[in-house]
Structure formats: structure tokens, C-alpha cells
Amino acid sequence: MAPATQYVDRPIPQISLARFEERINQISQEIAAAAENVGFFSIIDHGISAQEIEQMFANSEAFFALPEEIKASVPWNPQNVGYEFKSQVRPSTGAADNKESYQLQFGENMDNLWVSDSHLPKFREQSLDFMFKVQAISEKLMICLARALHFEDDYFVDWHDASKRDAQSTLRLLHYFATPETNDGQTYHRAGAHADWGFLTLLLQRKGQSGLEIAPGREVVTKFNSGNAWTKVDFQNTTDIVCNIGDLLMSWSDDRFKSTFHRVKAPSEPGDNFGERYSIAFFNQPRKDALIQGPQMKYPLVTGGEFTKNAMSLYYAALQEKREAQLANTLMAAPDKFAKTSTVLAASA
Ligand SMILES: O=C(O)CCC(=O)C(=O)O
Ligand SMILES: [Fe+2]
């Protein structure tokens, strides 16, 4: 049996955006402190209503309820758009997440990838409307983050302009499948442990569909280390938006703001949510021509496009390492079974 998860209490600050203009300095300080310590915080009083959020979840449910062939007609591609089914493999697990997801963007990357109105009337219009609302909140947070780093107020906002055809920010609709409550010997990964590689993520969840957990402790963006002590990210209301710093902002802040490892736990213990889970993540990602370098120039200047490319290379290298380790373990556990195969492979190498 797998050992019980080790849990620790860590405060995850809740920050109100009420009377934003008047309170901007205080809000900036609160955001900077949360970003420096735990890398996660939640925001309330941001102006998106519970009804608007429920409407977007209803659209998400309606999309995932469509027949497979319709969902497959808007397939995922590496610009981080489109639909995928049980295909995302995290280097931490080396196995596919037990979920489906549909990623949406504002601009040209979505050409031909919107599900048609004939299948889901108003899906595109209502999704874009919702995305612009989340974008507007993100821009408030970007102003606060820029102030904390002594950049001009609109510095991050300009690089994330959602009205441009080449905008890169992504709204991801996620649907994790229900899993058996009795132990059948399999691990049903939901979102295996990872750090987000973008700038800043905003996440919406539904009550009763828990599972998000964090493991802080990274000191430098160039190193993976997830640690083994987890903290559950609980939330009170559907309107609470959980925010977390991504690798790109960790690097852009010279490692001052932390991009924290997190996961949606593979349910395995009493109290875990074995039922399905819908969540909606908005990944703020800068345009490809953004110039990225922290105030102290700890890392060399890179463009947004180069940063993403480097992040992908690191991801594939980590995945390859995991696969090799998995293969070595399998060979050690049953060397006889594999002796013949490995001879053939060696001969053809
Ligand atoms: O579904 C969630 O709650 C989190 C998903 C996530 O961390 C991700 O897609 O990066
Ligand atoms: Fe994530």
C-alpha cells in the first residue's frame, strides 16, 4: 500500500481587490508577500459574479458532453490550444493525467479550433466574453506585480495585450474523470505534480470537487524540487480565484516570486475526492516578442518565444529521464522477461 500523504498547514493568503484604485499600494504589498513566500494566494472582491462563473462551468460541461468525434475535430496542438484526451504526461509521474481538457485563446492560434456554433450555440462568444473578464483581473494583478518589482505600471500589461492577434494567454477547461474508490492497484493521476511555466495562473474550482495541493520550496527557477509535504488549497466560495506564480515570472523577478509545485491529487485516501472535477485555469502568457529579464538581471535576456522553447526542452528532458528510470526499474524487477527484447534493441542500435 502507498504510504499516507504527509500534510502540513501553510497559510495561503486571501487578498481582497475591493476599492482597487484607492487601495492599490496595500494590495500590491499583500500580493508581493504572498508571491515571495508561498507562490499561491486567492483573490476575492474581483468583480466576476458567481453566476458568470457558473455559466462558464456550464459551457465547459456542455463541451465535454459532446460526442468524441466532435471534440476530436478541434484537436490540441503545441501552441497550447485545442482538445486533448488523457494525453498529458507530467515528468513527475511519467503517466498520462486521467482527464480531458480544451484550451482556448484570444487570437490567431484558435483559427479553426473553436467548436462550431451548430454544436454549441454561443460557446465562442460567451467564452471570449468570460476570458476578457479574467484578463481584466489579471491586468490588475500585473500592475501590482510591476509595482513590487519597480517596473512601470503597464510594463507586464503591455506584453500580455489580449487584443493582439498573436496573444498567447490561454483559458483551459479541465475535466477530471471519477475514479474507483476501491484500490484496484492503479494510480489515477489527475494533474501530476508540476510547476506552471507561464507568467501567472488564475484558477476557478467548484465546491465539492477538491483536490488541488501545493508543495512549496523551490529557491531557483532552474531547479525542480517538489518536496513531499503537501498542503491542501481549500476555498470557501465558487468566486474565490486561486492565483499562482509561474516559472516565467519567477525568472522575470530574479527568483524573488516563487513558482510552486502543485498537483491535483490522484485520489487514494479516505477524504479524497474520487468524484469528477471540473476546473478552469487561465494562464497568462506574454507575447512571443516580449523581452524578459528581471531588475537584477540574474538570468540572460530572452524573448517570450525563447523562454517557452527553453521550458519545453526542459520538460522533454525531464520526461525522458523519468521514462529511462521507469524502464530501468521494470528491467530490474523482471530481467528475464526483457532479456530477449533488449538484445534485439541493442542489435539494431
Ligand atoms: O485543475 C486544477 O485545479 C489545476 C490544473 C493545473 O494545475 C494545470 O493545468 O496547470
Ligand atoms: Fe498547474
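I looked up ligand 1 and found R172, L174, A191, D196, L203, L212, H262, V264, S279 and A281 around it. A residue counts as near a molecule if its C-beta atom, placed from the backbone, lies within 6 Å of it. The model is predicted: local features need pLDDT of at least 70, side-chain atom pairs count only at pLDDT 80 or more, and totals for chains, interfaces and linings use all residues. Residues are numbered from 1 along each chain as its sequence is written, and chains are lettered from A and ligands numbered from 1 in the order in which they are written.

I sorted the shell around ligand 1 and got 6 nonpolar, 2 polar and 2 charged residues. Here Ala, Val, Leu, Ile, Met, Phe, Trp, Tyr, Cys and Pro are nonpolar, Asp, Glu, Lys and Arg are charged, and the others, Gly among them, are polar. β6 (170-176), β12 (261-264) and β13 (277-284) each give at least two residues to this shell. Strands are DSSP runs of E, at least two residues, and helices runs of H or I, at least four, numbered from the N terminus.

Next I traced the open sheet. Its 5 strands run in the order β1-β10-β9-β12-β7, with mixed pairing. β1 (6-7) and β7 (191-194) are the edge strands, each pairing on one side only. Two strands pair if DSSP finds at least two bridges between them. β1 and β10 (residues 229-232) are parallel over 2 bridges. Y7 stands opposite W230 in β10.

Last, I checked helix α4 (residues 123-148). It has 26 residues and reaches 37 Å from first C-alpha to last, close to the expected 38 Å. That expected span is 1.5 Å times one less than the number of residues. H150 follows α4, with a positive phi near 60°.
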